[in-house]
Amino acid sequence: MTFELKKLPYDPTTLNPVVSPKTFEFHHGKHLQAYVNNLNNLKTGTKFENMDLISIIKESEGPIFNNAAQIFNHEFYFDQFAPSPKSKPEGALAAAIDAAFGSFDNFKKEFSAAAVSVFGSGWAWLVVNAAGTLEITKESNAGTPLTKNQKPLLTFDVWEHAYYIDFQNRRPDHVAALWDVIDWKVIESRF
Amino acid sequence: MKKILFLTSVLVVWQLSLTAQNFYEFKELPYSYSALEPYIDSTTMETHYAKHHKGYYNNFVKAMQEGNFDNKPLEQVIQNISSYSVFIRNNGGGYWNHEFFWNCMSPNKTQASNALTKAITDNFGSFENFKKEFSSAASTVFGSGWAWLIVTDSGKLKIVKTANQDNPLMDVVADKGTPILAIDVWEHAYYLKHKNLRAAYVENFWQVINWQFVSEKYADAVK
């Protein structure tokens, strides 16, 4: 089983200036492609050779885990954007967000604070935890909710490569801008 | 005698009124932003020094001031980092590491001392092999972090990696020792020029290493 680079579900020039075409060229075309290539190389001749991605993530560690989890995290990240997104959640997800965080605005505030305060490379997540409630979590490097019995709904990549071309050191500005391209239709479908 | 007493009391009052901001110095870069061109570009140097390094420094002095600032030199704080908050570990580490890193580079051609050259050959077989192993360590730090050449307690040279802003002086890291050379492999150290190609940045770093500084650090460490 050979993994391949998953195509973006939108034209990568249409999210400008929140995420520039240049950032997509590297983030999707180079970083994600490298994780795909690395995993294909690393798993050859191992017990992971014919496993699906989720099983590899759950059963591996070290470089195989890092590359596999980064493939999942990035695909999940790239899939949640749209040039004309649904700007806020409705229905059951909206109710769950209100129940957990008081309001949608307060959720965004808390999630942004989490994303800004991940120290080093990593990810901020909105997940459904084992108790069935919504929770904001932070993961470093290739960390992913899949190994923690959590269902991921939304994620912000805060590795510097996700924003350095467009925002340099200004991670808070990147995080504030990213809300404009999150498609809540996609997030609702994951709930 | 009176004069000495007076001066001493002035000194004590001055010390008590010191803020963390005054006590911890944000040192100037030992060269201009463009001095390491074309190996390290000036935009990267400026952002790295004036934004990232300054940011760590500002966070660190603010946290020290709000906590229990007690006139401890930075190196002592770093060596006892387990008694401080994670925030101070991260930002104090970022402050110390970057200052050390700037000193590891120079626009001038420098040479390793005979003692250091011999130690490198003794520990790694050859300089070429040391270069290969150090570059490999720098290239394989996953996520943000640093690769170091350290002198261990037994006086041996060793290549180690640390995550985020940890360093080998900290009492919390696995591989402790005295750092004599460091390379920053956070993406901010190379992304503007090299994007995803960290190996190209690491290769360029060899062109600007300040071997005089590394040799001095080695001599201090084995004294």
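Predicted model: local features only at pLDDT ≥ 70, side-chain atom pairs only at ≥ 80, totals over all residues.
Residues are numbered from 1 along each chain as its sequence is written, chains are lettered from A in the order in which they are written, and side-chain values use heavy atoms, with hydrogens and water left out.

**Interface of chain B and chain A**

Contact (heavy atoms within 4.5 Å) involves 17 residues of chain B and 18 residues of chain A. The buried area, meaning the accessible area (1.4 Å probe) that two parts lose on being put together, summed over both, is about 1,700 Å², and carbon and sulfur atoms give 64% of it. F142(B), E187(B) and Y191(B) supply 39% of the area that chain B buries against chain A, more than any other three residues.

**Helix pair in chain B**

Helices here are DSSP runs (H or I, at least four residues), numbered from the N terminus. Helices α6(B) and α10(B) pack at about 80°, their axes 9 Å apart, where axes are lines fitted to C-alpha atoms over the stretch in contact and angles run from 0 to 180 degrees between N-to-C directions. The two are therefore roughly perpendicular, a class that covers 65 to 115 degrees. The residues that make this contact are tabulated below.

| Helix | Contact residues |
|---|---|
| α6(B) | A115(B), L116(B), A119(B), I120(B) |
| α10(B) | W211(B), V214(B), S215(B), Y218(B) |

Methods
Parallel < 35°, antiparallel > 145°, perpendicular 65-115°, else oblique.
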